[in-house]
Every structure is written in C-alpha cells, then in structure tokens.
Amino acid sequence: MALELKSSAFISNGNIPKKFTCEGDDVSPDLRWSGAPANTTSFALICDDPDAPMGTWVHWVVYNIKPVSRIEEDSIPGKQCMNNFRRESYGGPCPPSGTHRYFFKIYALDTELNLPGSATKGALEQAMQGHILDKAELM
C-alpha cells in the first residue's frame with residue numbers, strides 16, 4: 001500500500017480555505033495519511049509554493065513527527081525548521097498576486113533526525129537522504 005496524504009480542510013487540487021491563509025487565522029490545516037511502511041520511525045513534512053515570483057517559497061517544515069497518521073489543525077507535531085517568513089512555524093498561503101499551488105509533502109523515514117536549531121528545508125532534505133521509506137503529496 002502506497003503512502004497517501006489528505007486533509008479534511010481541502011481536497012487535492014482544490015483551494016485552501018481562507019482560515020489557513022494570511023488573510024484568515026493563518027493556522028495549519030489538519031493532515032492525515034495512510035499506507036506508511038511498518039518500519040517507519042518518524043515523519044517529515046514540507047509545505048511549499050513553487051509559483052512564488054522569487055522561486056519556491058517555503059511555508060512549513062517539520063521533522064521528527066511521531067509515527068502517527070494525523071496532524072491536528074493548528075498544532076506543532078514535531079520539530080520545526082525555518083521557513084521563508086523567517087520563523088519556525090506554519091506560514092499560510094499569502095500570494096502577492098494570482099493563483100499559486102501549495103504542496104504538502106509527507107515523508108516516512110526510517111530514523112529520527114538530528115538537525116541544528118534554525119535548520120532549513122535544504123538541511124532537512126539533505127538529512128533525509130537515504131532514510132526515505134515512502135512519500136506522498138497533496139496539492
């Protein structure tokens with residue numbers, strides 16, 4: 001069974017409700033997944049926007065998420081990395097213009113990771129190399 005990622009807040013290829021954006025409460029949506037490999041030790045999550053005018057904009061990076069199958073709305077499920085808003089937290093969609101795509105990517109890992117404080121998406125991606133058991137995304 002392949003890893004699959006969903007949210008009750010929005011559907012795949014749908015719009016993210018205002019509540020989860022900078023125009024609303026700017027809280028993280030709930031996410032749930034199924035099909036994780038049995039030997040999953042932790043999960044990592046990356047949310048980014050490849051349509052930002054200055055290149056991919058990182059909205060949320062979390063790692064060492066316990067081997068569960070859900071992240072509750074407006075929660076901190078693990079250790080957070082620095083995003084492009086220059087904070088270690090969720091930063092919801094806030095496009096300067098037009099319609100953007102937002103990718104939530106979950107990674108099943110065979111280990112917990114040890115990253116320095118204020119780590120970035122790049123540092124997480126490098127640390128995950130060789131440890132990804134499966135991954136899924138929701139746009």
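Buried means under 20% relative accessible area, exposed over 50%, and partly exposed in between, with a 1.4 Å probe and protein chains only. The legends below describe a predicted model, in which local features need pLDDT of at least 70 and side-chain atom pairs count only at pLDDT 80 or more, while totals for chains, interfaces and linings use all residues. Residues are numbered from 1 along each chain as its sequence is written, and side-chain values use heavy atoms, with hydrogens and water left out.

**View 1. The salt bridge between K121 and D48.**
The side chains of K121 and D48 meet in a salt bridge with an N to O distance of 2.6 Å; the term stands for a side-chain nitrogen of Lys or Arg within 4 Å of a carboxyl oxygen of Asp or Glu. This pair links distant parts of the chain, since K121 belongs to helix α1 and D48 to strand β3, 73 residues apart. Helices (H or I, at least four residues) and strands (E, at least two) are DSSP runs, numbered from the N terminus. K121 is buried, with a relative accessible area of 15%, and D48, at 3% relative accessibility, also counts as buried.

**View 2. The buried side of helix α1.**
In helix α1 (residues 121-128), the buried residues are K121, L124 and M128. They cover an arc of only 60° around the axis, which puts them on the same side of α1; the arc is that of the directions from the helix axis to the C-beta atoms. An α-helix has 3.6 residues a turn, so residues three or four places apart point the same way. The buried residues of α1 pack against β3, β4, β7 (103-109) and β8 (132-138), where contact means heavy atoms within 4.5 Å. Just after α1, G130 takes a positive phi of about 85°.

D49 lies in strand β3 (residues 42-49) and is buried yet has no salt bridge, the nearest side chain of opposite charge being that of R101, 6.5 Å away. A polar contact of 2.6 Å does, however, join the side chains of D49 and H100. Such a contact is a pair of N or O atoms within 3.5 Å; within protein, one must be able to donate a hydrogen and the other to accept it, and residues adjacent in sequence count only if both atoms are side-chain atoms. Not counting residues up to four places away in sequence, D49 touches G55, T56, W57, H59, H100, R101 and Y102.

Of the 9 residues of strand β4 (residues 57-65), 8 are buried, so the strand is largely enclosed by the rest of the structure. β3 and β4 pair in the antiparallel sense over 6 bridges, and F43 stands opposite I65 in β4. Two strands are taken to pair if DSSP finds at least two bridges between them. β4 also pairs in the antiparallel sense with strand β6 (residues 79-80), over 2 bridges, and here V62 stands opposite Q80 in β6.

**View 3. N83 in the loop between β6 and β7.**
N83 is placed in the loop between β6 and β7 and is buried, with a relative accessible area of 4%. The side chain of N83 reaches the backbone oxygen of H59 at 3.2 Å. Leaving aside its neighbours within four places in sequence, N83 is in contact with V58, H59, W60, S89, Y90 and G91.

**View 4. The open sheet of β1, β2 and β5.**
An open sheet is formed by 3 strands in the order β1-β2-β5, with antiparallel pairing. β1 (4-6) and β5 (70-71) stand at the edges, each with a single partner strand, so one side of each is left without a neighbour in the sheet. Strand β2 (residues 31-34) is joined to β5 by 2 bridges, and L31 stands opposite I71 in β5.

E4 forms a salt bridge with K6, the closest N and O atoms being 4.0 Å apart; E4 is partly exposed, with a relative accessible area of 39%, and K6 is partly exposed, with a relative accessible area of 39%. R70 forms a salt bridge with D30, the closest N and O atoms being 3.5 Å apart. The latter pair links distant parts of the chain, R70 in strand β5 and D30 in the loop between β1 and β2, 40 residues apart. R70 counts as partly exposed at 37% relative accessibility, whereas D30 is buried, with a relative accessible area of 4%. A search of the whole structure finds 9 salt bridges.

Technical notes: Lys and Arg count as positive and Asp and Glu as negative; His and the chain ends are not counted.
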